[in-house]
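Here are a few notes to read alongside the model. Take them in any order you like.

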Amino acid sequence: MNSSTSLRPGAPPEPAGIYVHVPFCDGKCVYCAFYSVMLDPALADRWLAALELEMRRCALPEPVETGTIYVGGGTPTILGSKRIERLCSGLRRRFPLRRNGEWSVEANPGTLTRETLETLAAAGVNRLSLGAQSFDDRVLLRLGRRHTAADIFRAFDLAREAGFRNIGLDLIACVPGVGPRTWQRTLDSAVALRPEHVSVYALTFEEGSRLCARSPGARLRAKPDREQLNDLRRAEKALSQAGFRRYEISNYARPGFECRHNTACWRGEDYLGFGPAAASCSGLLRWANAPDLASYLAALEGGGDPPREFDELTPRIRAAERLIFGLRMLEGVQLEAVGGFERKLEPLREQRLVEIKDGRWRMSRRGLDLADAIAVELLGD
Amino acid sequence: MSADGATVFSMATELSRIRNYCIIAHIDHGKSTLADRMLQMTHSVEDRDFRDQLLDSMDLERERGITIKSHPVTMQYQALDGMVYEFNLIDTPGHVDFSYEVSRSMAACEGAVLLVDASQGVEAQTVANAYLAAENNLEIIPVINKIDLPVAKVEEVSHQIEEVLGIDMGQGALVSARTGAGIRELMERIVRQVPPPKTEPAPCPARALVFDSVYDAFRGVVVYVRVVDGHVRAGDRVRMLGTGTVAEIKEVGFFTPKFKPAQALGPGQVGYIVSTIKEPREVRIGDTISGASGPVPQQLPGFKNIHPMVFSGIYPVDTVDYEKLKASLGKLSLNDSAFSFTPESSVALGFGFRCGFLGLLHLEIIQERLRREYDVDIISTYPAVVYHVALEGGEIVNVDNPTHLPDQSRIEFIEEPMIKAFIICMNENIGDIMRLVMDRRGEVEKTDTLDVRRVMLTCRMPLNEILVDFNDYLKSVSHGYASMDYEHSGYAQSDLVKLDILLNGECVDAFSCLIHRSKAESRGRQMCAALKEVIPAHMFAVPIQAAIGKTVIARETIKALRKDVTAKCYGGDITRKRKLLERQKEGKKRMKQVGKVSVPQEAFISVLKSGS
Ligand SMILES: Nc1nc2c(ncn2[C@@H]2O[C@H](COP(=O)(O)OP(=O)(O)OP(=O)(O)O)[C@@H](O)[C@H]2O)c(=O)[nH]1
Ligand SMILES: [Mg+2]
């Protein structure tokens, strides 16, 4: 199967969101299970060329406008301004951004230079997602990050200077050994920078990450649930006091600065992903490129599609997905969008895990803490 | 004379050259290993096909290193007198739960090789099996095995055999089944000491005793027989004298130990018959097979009906497997007449079967065989014995399932089955073992000195008390040196109560049990604690209670799940995340729903294992 059959035939070229996966890093953070390899200049050049080929093979007419672009990774910003320039102009040619469109790029405080920032801004990137993670150097070290708190301040100021008016910070909560005081200081520092967006992720022990590879009984073990919840509540409090609104389980934004690319994914809208390990969604069809740079390069350089895994959803599963991921957002899901699931939602409502408000199903506060368990209830027939 | 060249056995070995014997012993004394040496000495098995404990052919037997079924095999032994003898050997299991297998095998034999481990000496099943052999008028050849071991105590053990069993070691042999030492001498003894089979003078109607049967995937119902008179051949029309079933024989043959077709089975021989009988339940172990026409001979003695003593409900994990489970139980019971089953249903587990067993190992083995050989996923309930419940007005009902206990207000009293247990142990362990027996509501009735170091305790105890883990405790307090045999010994009145387990306020019938009042509370606490370990946290708190009637005597609570949420979930994660959740959902589906509570299968097993 190739990508030309992967979009619904006859469907109007919908403006899907565009995602690009940059598979390069300058090291591996202990919690990360995303696909990446160490940066190698020659490989990076070949990857860029292959990416352009992959975008060209996409069945949508060329060019086609898009509302959102998201460049993630990996660490996009370690590519250096030359390659970033090439990446961005390729994207712009193939998927020109609509007026008022959102173009995000993930950036690491440690590798962000004035030059890179200026290149990004000049190319049309208008949103920066900064992987701050913590404002405590010891914690950063423990997480395997290769930057310091000072780097975050520096990078943030540079970004503002380069003209970025929409900056998000990522923070990692629930790190074992990090007490409430240290965590509060990280939150305070984040707020003090006055970003537009903050994501707060509880540290997860992902299969495939170094955290998980460590021998069992190694010193890092997940915090007990009670402490985790305390950390997360603390974050919610600090951020809402500072004017942020929680709009998804782990995401907070100043009104109007919610990440549109991600919101569209959660609402179940289509997106196209490019690069090794990137996933795409078009109607009932899902596919993901194999997480392997070598085979990605070989396939595209040989004139074919990269190896992919396809998954075709039934309408019922698609509906369940929309419900499950929609409920992760605080706006919830419209009543009429959950046809057929009332039977499953009602018992959850009796347990006060979900509620109906303003014509929408939403999770209760307790429900938000139990989103996965609720999802399991909602799945199946 | 053979039709296909594959028939190596002549159809009628002269009676004087047939020797039928079984090998009997306490568990692990080396029966199957001795059978190996005999198979090799008689060249019954090619070197490349040989493996240790060859006759233990079931996976389960090989894995556990124990014999579960009796295994017959026919061998040609070239004796020192220059003649070739046909040896029909039956290797038997040693565990007390399978003594019924041993007694059936004995009906096909004239002799028994009684094996005693030189390092262990006479143990409980040694005594029991020796008596059984004597009752069956078998010629017993006492054999001391494992003489290669440095700790072998040949003299002491010889003494025990003579003193405890009253068997003359002058008729016996010393062997090592491992090294092969003494085996030739033993084979010669078998020729000399085991009497050849007897038969009615010809012409006489054919008679063969059905001593076992199996369901074979290719042949269907295979009946194991010992021919007493006359011949049976393919094409013969035969009648089962007990059930009256008439069938045509399709194949007869010997055990090599694989099925080996032959032209006929003659008097004194041991072999198998495949007939037009398709239905496992049309065969009764102990029945007599005879010609369908001609005079009807007298039925052979057959076997005492044995009654299962331990009952447990067996349910399919997935309700769609009900029919499959039923068919599998049918096939299993064909090969295991000591096992019974009847349909029953449970609120928690749905439709299943009440199954009867001879003991806990028997129960475990059947469960394992269902899982492996028949590939059905099952859940079983806590084992129970058969109680006699006396109701007001004098009526007595048998209750083998605690949930069927009549209303307490109608019960006058309850009686429980008792056993007489024979425990052989070292002098220094007497105190500990007496305490153990008393703790299990038993009493020691008699103490017999076996020799300077060992005694045999005769105890009366409730069967219920030895069901689950008594043997483990016995082994542990005696450092492995005590052994036990038991026989059933009537019923005795007892202060029994029904202990229920409630999950989130709902009684889980599969967990109910009858228990002595003095033990209810500790048992209730154990069960609650065990369940707390295996039942996953729910989105609400789940109280676990143990209750007698309406009185709660123990309680645990599984705290409500507080946090179960993936922090990061982006476009690329959605499919992966959904699949993960679907897997969790599948796992949940395999659990049993008790009201709103999902109970994993392990719960049913762990409650079983949580005994004192
Ligand atoms: N040293 C030594 N070990 C032996 C000898 N005979 C048997 N064994 C070992 O004793 C153990 C039990 O042997 P089996 O032949 O399985 O005993 P069994 O009597 O058939 O046991 P069950 O069928 O379970 O009652 C095995 O580990 C054998 O290897 C022997 O002559 N010498
Ligand atoms: Mg054996």
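1. A word on naming: helices (H or I, at least four residues) and strands (E, at least two) are DSSP runs, numbered from the N terminus. This is a predicted model, so local features need pLDDT of at least 70 and side-chain atom pairs 80 or more, while totals for chains, interfaces and linings use all residues. Residues count from 1 along each chain as its sequence is written, with chains lettered from A and ligands numbered from 1 in the order written.

2. Start with ligand 1. Helix H1 of chain B (residues 31-41) gives the largest share of its shell, 3 residues. Of the 21 residues around ligand 1, the nearest are B:Gly30, B:Ser32, B:Ile66, B:Thr67 and B:Gly94 (C-beta atom, placed from the backbone, within 6 Å).

3. In chain A, helix H1 (residues 41-57) packs against helix H2 (residues 81-94) at about 0°, axes 10 Å apart. That makes H1(A) roughly parallel to H2(A) (angles under 35 degrees count as such; axes are lines fitted to C-alpha atoms over the stretch in contact, and angles run from 0 to 180 degrees between N-to-C directions). On the H1(A) side, the contact uses A:Ala44, A:Leu48, A:Glu52 and A:Met55 (C-beta atoms, placed from the backbone, within 7 Å).

4. Back in chain B, there is an open antiparallel sheet of 4 strands, ordered E17-E18-E16-E19. Its edge strands are E17 (340-346) and E19 (378-380). E16(B) (residues 310-316) and E19(B) pair over 3 bridges (pairing takes at least two DSSP bridges), and B:Pro316 has B:Ile378 as its bridge partner.

Key:
Parallel < 35°, antiparallel > 145°, perpendicular 65-115°, else oblique. Contact = placed C-beta atoms within 7 Å.
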